[in-house]
Amino acid sequence: MNFEIDEQQRDFAASIDAALAAADVPAAVRAWGDGDTAPGRKVWSQLTDLGVTALLVPEKYDGIDASPVDLVVALERLGYWAVPGPVTESIAVAPVLLADDERSSALASGELIATVAMPPLVPRAVNADVAGLTLLAADGKVSDASIDGQGGAAHDSVDPSRKLFDVTASGDNRPADTARAYEFGVLATAAQLVGAGQAMLDQSVEYAKQRTQFGRTIGSYQAIKHKLADVLIAVELARPLIYGAALSLAEGSSDTARDVSAAKVAAADAALLAARSALQTHGAIGFTQEHDLSLSLLRVQALRSAWGDPTAHRRRLLEAIS
């Protein structure tokens, strides 16, 4: 089976990279964590212009109705640049839950950013304080939701830009394909993890060419070469799994749960290896708040447990193949 993306998809990825490279995303992430979402919303506006927010929205609501493969192409790049906000929830999950809801038009146009809680594996909604729509979904039903309590105290995430909130239903339950929405959430998160892993690998390679020790660049040492090669192999092994899972979702395969969980496990493991190797390559400077690498390190730790942690997906994978 050929998992190569076509020329149009490569151009789409390149256009996302070009836009985000010029957008100073690290500054937007830091501002988002400090409560200033204006720079991050400008980034989202650029994504809207490229059609990213409309990918899974049906055409009747001014969306693109793209394939899961196109979603993976986009979300990997968003993970690479560590775009702030409820990326998985608004771009990949909400369009599935709102399939026949006219508010899908607002998702496509970027006027609306949504977040989602889907207990038990997604018990809290990320960035519910800044999202224009919060959804609570489970067991084939979805309802609008609101933050618990007055003001809604946030639960801190390891990633300061990903504050988590307990939410309760604030509207009537409506039928929704929550099972499919969950698979899209897992797939989108896995794609971002692969992108983050690739970003940290690229940063490590560039730093290894510059940092010297004992009169030589550290990239010339075999131990460093082997460590970075291990990361490259892990990322390259995870990438076809996320595309395979996307094809399973597109075809409505009975193996979708298996394929999506396999992708999430591989992506989480690859990203964690990339994070550890990047920190070892950079040394302590890589984890300082001033260094952009720290943003990816924290994002990976947050996304590894988002939409089901590796243990939950290993269990689901084992059940699927037993």
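Arg239 is buried at a relative accessibility of 15%, where buried means under 20% relative accessible area, exposed over 50% and partly exposed in between (1.4 Å probe, protein chains only). The structure is a predicted model, in which local features need pLDDT of at least 70 and side-chain atom pairs count only at pLDDT 80 or more, while totals for chains, interfaces and linings use all residues. Residues are numbered from 1 along each chain as its sequence is written, and side-chain values use heavy atoms, with hydrogens and water left out.

The side chain of Arg239 forms a salt bridge with that of Glu236 (2.8 Å, N to O); a salt bridge is a side-chain nitrogen of Lys or Arg within 4 Å of a carboxyl oxygen of Asp or Glu. Arg239 and Glu236 are separated by about one helical turn, because they stand three residues apart in helix α8 (residues 222–251). Helices (H or I, at least four residues) and strands (E, at least two) are DSSP runs, numbered from the N terminus. Glu236 is partly exposed, with a relative accessibility of 38%.

Across the whole structure, 16 salt bridges are found. One of them joins the side chains of Arg316 and Glu183, at 2.8 Å from N to O. This pair links distant parts of the chain, with Arg316 in helix α11 and Glu183 in helix α7, 133 residues apart. Glu183 is buried, at 10% relative accessibility. Another salt bridge is formed by Asp259 and Arg258, whose closest N and O atoms are 2.9 Å apart. In this pair, Asp259 is buried at 15% relative accessibility, whereas Arg258 is partly exposed, with a relative accessible area of 30%. Salt bridges that share partners also join Asp17, Glu76, Arg77, Glu236 and Arg239 into one network.

Arg77 has a further contact of interest here: its charged end sits over the ring of Tyr80, 4.5 Å from the ring centre. A charge sits over a ring if NZ of Lys or CZ of Arg is within 6 Å of the ring centre and within 35 degrees of the ring normal.

A pair of aromatic rings is described by the distance of the centres and the angle of the planes. Rings of Phe, Tyr and Trp (its six-membered ring) pair if their centres lie within 6.5 Å, and planes under 30 degrees apart count as stacked, over 60 as edge-to-face and the rest as tilted. By this rule there are two aromatic pairs. Tyr80 and Trp81 form an edge-to-face pair, because their ring centres are 5.4 Å apart and their planes stand at 65 degrees. Tyr80 is buried at 18% relative accessibility, and Trp81 is partly exposed, with a relative accessible area of 25%. The pair of Tyr182 and Trp307 is tilted, with ring centres 5.8 Å apart and planes at 40 degrees. This pair links distant parts of the chain: Tyr182 lies in helix α7 (residues 178–208) and Trp307 in the loop between α10 (293–305) and α11 (310–321), 125 residues apart. Tyr182 is buried, with a relative accessible area of 10%, and Trp307 is buried as well, at 2%.

Helix α3 (residues 38–49) has twelve residues, which at 1.5 Å a residue should span 16 Å, and this agrees with the 17 Å between its end C-alpha atoms. The expected span is 1.5 Å times one less than the number of residues. Gly40, Val43, Trp44, Leu47 and Thr48 are buried in α3. These residues lie on the same side of α3, because they cover an arc of only 150 degrees around the axis; the arc is that of the directions from the helix axis to the C-beta atoms. The buried residues of α3 pack against α1 (7–21), α2 (25–33), α4 (68–81), α5 (87–97) and α6 (104–109), with contact meaning heavy atoms within 4.5 Å. The exposed residues Lys42 and Asp49 are carried on the face turned away from the buried side of α3.

Several backbone features were also identified. Most residues other than glycine have a negative phi, and most peptide bonds are trans. Asp62, although not a glycine, has a positive phi of about 70 degrees. Asp62 is placed in the loop between α3 and α4 and is exposed, at 62% relative accessibility. The peptide bond from Pro119 to Pro120 is cis, with omega near 10 degrees, and Pro120 is found in the loop between β1 (114–117) and β2 (125–126).
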